[in-house]
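Open the model in your viewer and keep the selection panel handy. We will go stop by stop.

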Amino acid sequence: MIPLIEEEVVNRHKWVAKEEMLDLIAIAQSCPGVFAINIAIFIGYKLRKVRGALATSFGTALPSFLIILAIAIFFSAFKDNPVIAAMFRGIRPAVVALIAVPTFRMAQRAKIGWTNCWIPLVSALLIWLLGVSPIYIILVAGLAGYLYGMYIKPTES
Amino acid sequence: MIFLDLFFTFFKIGLFGFGGGYGMLSLIQHETVERAHWLSTAEFTDIVAISQMTPGPIGINSATYCGYTAVHNAEYGTLMSVLGSATATFALVLPSLILMILISKLFIRYMKTQPVQSVFAGLRPAVVGLLAAATLLLCNAENFSTPTVNPWQFFISTALFIATAFGTGYLRINPIRMICYAAFAGLVLLY
């Protein structure tokens with residue numbers, strides 16, 4: 001998605017300079033929410049303030065919304081068809097694997113090693129076994145990251 | 001009132017959905033399947049499959065679909081279900097709209113500072129845990145059956161899980177193509 005957005009926004013329309021775009025991408029990725037929507041809002045706001053942000057976010061969401069809606073309406077009529085049902089019995093375990101694989105990729109990117117692997121392990125077990133809301137995990141992790149970065153990390157080096 | 005509940009639920013998901021589309025899936029699953037019981041695990045898995053095969057951000061796709069299915073499962077008609085999907089999608093985008101405008105307007109120069117970056121650094125390992133939890137919660141009888149209920153389906157499901165993990169993780173086969181293979185396998189072996 002990033003190359004597509006860069007091509008349109010930086011090269012074709014020249015709305016944002018290349019360096020600023022890299023900054024905006026970094027912020028949009030670390031903020032909550034859908035990345036494509038976040039970057040669209042940044043660019044819309046930069047060009048035409050709130051009205052621009054409304055236009056770009058609406059424009060980014062609309063194609064997905066319409067396509068999924070069409071599929072949802074269509075699929076709800078055929079869900080109980082034995083052929084479709086059999087196909088989805090095969091698809092479901094494959095989809096679970098498609099979520100398992102990025103877990104490991106993300107672990108590599110987050111530099112998970114022996115010293116910090118307890119964080120994802122404890123988070124996952126709290127959610128999986130005790131039914132803790134992921135939102136609490138996010139809140140605690142953000143706060144802990146802040147405290148660690150401000151008070152503990154400076155004393156380590 | 002399901003529409004109000006949908007709105008607040010997806011607003012929360014939009015506000016705390018760190019870590020891209022996959023990180024968000026864990027929140028959507030917890031809220032719609034575990035907490036509100038709007039969808040079954042199997043329905044949620046189907047939605048993820050379709051969201052992955054359709055162009056566009058997986059977060060928007062799955063919110064739209066979950067909103068539709070939640071209202072549809074509550075015995076409303078098609079028109080109300082469309083309204084449900086619009087509610088969920090709008091509620092998911094709204095926190096982004098507020099946050100990104102605030103950042104553009106006021107906070108952009110603070111984003112690279114130590115305190116903000118420390119918060120993001122703390123979130124990264126936790127998001128890995130969120131994704132792991134989503135995977136574990138999806139490994140249940142609805143998606144895999146069990147060795148006692150249906151040993152054949154359990155065996156085939158496990159094989160498809162391993163094949164897809166190996167195919168996309170190691171051989172770098174396109175996930176959409178892998179889903180198509182799995183659908184074909186399901187049709188032939190699990191009909």
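Domain bounds here come from an automatic or database domain assignment. For chain A, that assignment gives domain 1 (2–112) and domain 2 (113–157). Remember as you look that this is a predicted model.

**Stop 1: the two domains of chain A.** Colour residues 2–112 of chain A one way and 113–157 another.

**Stop 2: chain B as a whole.** Now show chain B as a cartoon. How many helices and strands does chain B have? Chain B has nine helices and zero strands. Along the sequence, the pattern reads α-α-α-α-α-α-α-α-α. The C-alpha trace of chain B spans about 60 × 45 × 30 Å along its principal axes. Of the 191 residues in chain B, 55% are buried. Look at contacts in chain B with a separation of 6 or more: 58% of them join residues 24 or more positions apart.

**Stop 3: where the chains touch.** Select both sides of the contact. Chain A brings 74 residues and chain B brings 89. On the chain A side, the elements that give two or more residues are α2 (18–30), α3, α4 (82–109), α5 (118–130) and α6 (134–156). Colour that side by class: 56 residues are nonpolar, 15 are polar and three are charged.

**Stop 4: the largest nonpolar core.** This core holds 98 residues. Select I39(A), I91(A), A94(A), I99(A) and L131(B), which touch the most other members. Then pick helix α3 (residues 35–78) of chain A, which gives the most to this core, with 15 residues. Why does the core lie between the two domains of chain A? Domain 1 (2–112) and domain 2 (113–157) both give residues to the core, so it lies between them. In soluble globular proteins, nonpolar side chains tend to be buried together.

**Stop 5: I99(A).** Setting aside residues up to four places away in sequence, I99(A) touches Y22(B), L25(B), L131(B), A134(B), T135(B) and L138(B).

**Stop 6: I173(B).** Move to the loop between α8 (151–169) and α9 (175–189) of chain B, where I173(B) lies. Is I173(B) buried, exposed or partly exposed? I173(B) has 15 other C-beta atoms within 10 Å. Buried needs 20 or more, and exposed means 12 or fewer, so I173(B) counts as partly exposed. Leaving out residues up to four places away in sequence, I173(B) touches G167(B), T168(B) and M178(B). Finish with a distance, C-alpha to C-alpha: I173(B) and G17(B) are 28 Å apart in space and 156 residues apart in sequence.

Methods
Residues numbered from 1 in each chain as written. Chains lettered and ligands numbered in written order. Predicted model: local features only at pLDDT ≥ 70, side-chain atom pairs only at ≥ 80, totals over all residues. Core = buried A, V, L, I, M, F, W, Y, C linked by C-beta atoms within 7 Å. Helix = DSSP H or I, 4+ residues; strand = E, 2+ residues; numbered from the N terminus. Contact = placed C-beta atoms within 7 Å. Nonpolar A, V, L, I, M, F, W, Y, C, P; charged D, E, K, R; others polar.
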